[in-house]
Amino acid sequence: SQEKIMRYIEDFIGAIKARQAEIASSLTAGNAVNFETYQRLVGQHAGLAEALEVLNNLLKEDDE
């Protein structure tokens, strides 16, 4: 059903944002032991942000 799909989407968005928060917290705490680790974490955060943007654009298209 439509409600079930929207709940899955909301759960997905929540999980992505939670992971972004974990990454940001890890970076803030100085857990990147070297520059490569720092770059990987920043890249993961950016990739998750891009995934949310793609999903948002798809949802906008559905509304139109």
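Trainee: Before we start, which pLDDT do local features need here?

Mentor: Numbering runs from 1 along each chain as its sequence is written, and side-chain values use heavy atoms, with hydrogens and water left out. Since this is a predicted model, totals for chains, interfaces and linings use all residues, side-chain atom pairs count only at pLDDT 80 or more, and local features need a pLDDT of at least 70.

Trainee: Okay, how are the rings of Phe35 and Tyr38 arranged: stacked, edge-to-face or tilted?

Mentor: A search of the whole structure turns up 1 aromatic pair. Rings of Phe, Tyr and Trp (its six-membered ring) pair if their centres lie within 6.5 Å; planes under 30 degrees apart count as stacked, over 60 as edge-to-face and the rest as tilted. The centres of Phe35 and Tyr38 are 6.0 Å apart and their planes sit at 20°, so this pair is stacked.

Trainee: Which helix holds Phe35 and Tyr38?

Mentor: Helices here are DSSP runs (H or I, at least four residues), numbered from the N terminus. Phe35 and Tyr38 are 3 residues apart, about one turn of the helix, and both belong to residues 35-63, which is helix H2.

Trainee: Is Phe35 buried or exposed?

Mentor: Buried means under 20% relative accessible area, exposed over 50%, and partly exposed in between (1.4 Å probe, protein chains only). Tyr38, at 40%, is partly exposed. Phe35 has 53% relative accessibility, so Phe35 counts as exposed.

Trainee: How much accessible area does the nonpolar patch of Phe35, Tyr38 and Val42 have together?

Mentor: Patches take residues with over 30% relative accessible area and no salt bridge, joining like charges within 9 Å and nonpolar side chains (Val, Leu, Ile, Met, Phe, Trp, Tyr) within 5 Å. Val42 is in helix H2 and is partly exposed at 33%. By the Shrake-Rupley method with a 1.4 Å probe, where only the protein chains shown count as cover for residues, the three residues together come to about 290 Å².

Trainee: Which residues does Leu48 contact, leaving aside neighbours within four places in sequence?

Mentor: Contact means heavy atoms within 4.5 Å. On that basis, Leu48 meets Ile16, Arg19, Gln20 and Ile23.

Trainee: What is the N to O distance in the salt bridge between Glu22 and Arg19?

Mentor: Side chains of opposite charge can pair when their charged atoms come close. A salt bridge needs a side-chain nitrogen of Lys or Arg within 4 Å of a carboxyl oxygen of Asp or Glu, and the structure holds 1. Glu22 and Arg19 both lie in helix H1, 3 residues apart, about one turn of the helix. Their N to O distance is 3.0 Å.

Trainee: Last one: which residues does Ser26 touch, not counting those up to four places away in sequence?

Mentor: Ser26 is in helix H1. With a relative accessible area of 18%, Ser26 is buried. Ser26 touches Asn31 and Leu41.

Methods. Helices (H or I, at least four residues) and strands (E, at least two) are DSSP runs, numbered from the N terminus.
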